[in-house]
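Subject: Structure handover

Hi,

Here is the structure I said I would pass on. Please open it alongside this note.

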Amino acid sequence: MSEFEFDTEDQQPASKGPKPPMAYRFRGFLPVVIDVETGGFNCATDALLEIAATIIEMDEEGMIYPAETHFFRVEPFVGANVEAAALEFTGIKLDHPLRMAVTEEHALLEIFKHVRKAVKSAGCNRAVLVGHNAFFDLGFLNAAVERIQIKRNPFHPFSCFDTATLGGLAFGQTVLAKACAAADIEFDGREAHSARYDTEKTADLFCSIVNRWREMGGWPLE
């Protein structure tokens with residue numbers, strides 16, 4: 001087996017009594033929606049500028065919903081590349097006096113603290129990243145983890161759930177705004193490209209798709 005070929009089911013000791021229903025829904029993974037805003041497309045060289053995480057919870061009927069969101073504006077790491085076109089696209093102003101950015105280490109450690117707590121509360125083994133074009137967000141998350149040498153990363157290193165794919169399946173739409181419109185989720189284009197806003201809308205879309213599948217009998221709660 002390679003270093004990435006592993007099963008996470010035995011990473012935590014078995015809990016006493018019945019587990020919460022979320023523990024059985026995604027093979028022991030807890031979905032956590034992540035969105036990043038960046039200084040470009042290259043996760044190895046380009047800055048992480050914003051990151052937000054929305055934790056997903058489940059009720060006793062097996063329906064999922066977005067819980068709390070954690071959001072940080074992030075200082076570019078030393079030597080990071082920031083493309084002018086990226087700043088124009090996102091509207092981020094690095095020198096804005098109210099930006100109140102923190103280091104990558106602070107942002108990730110705070111988010112990971114809340115994610116680990118949620119994983120434990122849900123009876124799960126690990127978090128799995130949910131994103132719109134999730135490979136992009138996972139790439140920047142993993143690159144930041146490697147840069148600051150975080151040893152306890154609660155996220156699976158390569159598995160993720162992609163709402164662009166799920167939106168294409170459920171609604172025939174892969175663009176976040178259009179998929180939300182098809183799902184009757186309000187979407188304000190003026191607020192888009194903020195990590196907080198995009199994360200929360202992605203969470204709404206993910207929950208809508210999963211819950212519709214549940215209502216159609218696609219995942220019977222045992």
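Below is what was found in it, topic by topic.

**Ground rules.** This is a predicted model, so local features need pLDDT of at least 70 and side-chain atom pairs count only at pLDDT 80 or more, while totals for chains, interfaces and linings use all residues. Residues are numbered from 1 along each chain as its sequence is written, and side-chain values use heavy atoms, with hydrogens and water left out.

**Confidence.** pLDDT is the predictor's confidence in each residue, from 0 to 100. The protein chain has a mean pLDDT of 92. In that chain, 91% of residues reach 70 or more. Residues 1–14 have pLDDT below 50. This stretch still has 21 contacts in the model beyond near neighbours in sequence (contact means heavy atoms within 4.5 Å).

**Helix 4.** Helices (H or I, at least four residues) and strands (E, at least two) are DSSP runs, numbered from the N terminus. Helix 4 covers residues 134–148. Its 15 residues should span 21 Å at 1.5 Å a residue, and the end C-alpha atoms are 21 Å apart, which agrees. The expected span is 1.5 Å times one less than the number of residues. The buried residues of helix 4 are Ala134, Asp137, Leu138, Phe140, Leu141, Ala143, Ala144 and Val145. Buried means under 20% relative accessible area, exposed over 50%, partly exposed in between (1.4 Å probe, protein chains only). An α-helix has 3.6 residues a turn, so residues three or four places apart point the same way. The cover over these buried residues includes strand 1 (29–38), strand 2 (48–58), helix 3 (104–121), strand 4 (126–131) and strand 5 (155–162). Gln149 follows helix 4 and has a positive phi, near 55 degrees.

**Helix 7.** Helix 7 runs over residues 195–215. Its 21 residues should span 30 Å, and the end C-alpha atoms are 30 Å apart, so the two values agree. Just after helix 7, Gly217 has a positive phi of about 85 degrees. Gly218 also lies in the segment after helix 7. Gly218 counts as partly exposed because its relative accessibility is 31%. Its C-alpha atom is 35 Å from that of Val145, 73 residues apart along the chain.

**Largest pocket.** The largest pocket holds about 620 Å³ of space. A pocket is an open set of points on a 1 Å grid over the protein atoms alone, where a 1.4 Å probe fits, with protein on both sides within 12 Å along at least five of seven lines; lining residues have an atom within 4 Å of a point. Grid points are joined across faces, edges and corners, and the volume is the space filled by probe spheres set on the points. The lining has 25 residues, and the closest to the pocket centre are Glu37, Phe41, Phe89, Phe136 and His193. Strand 1, helix 2 (84–90), helix 4, helix 6 (176–182) and helix 7 each supply at least two lining residues.

**Positive phi in loops.** Most residues other than glycine have a negative phi. His193 has a positive phi, near 70 degrees. His193 sits in the loop between helix 6 and helix 7. Met100 has a positive phi of about 50 degrees. Met100 is in the loop between helix 2 and helix 3. Met100 counts as exposed because its relative accessibility is 67%.

Best wishes
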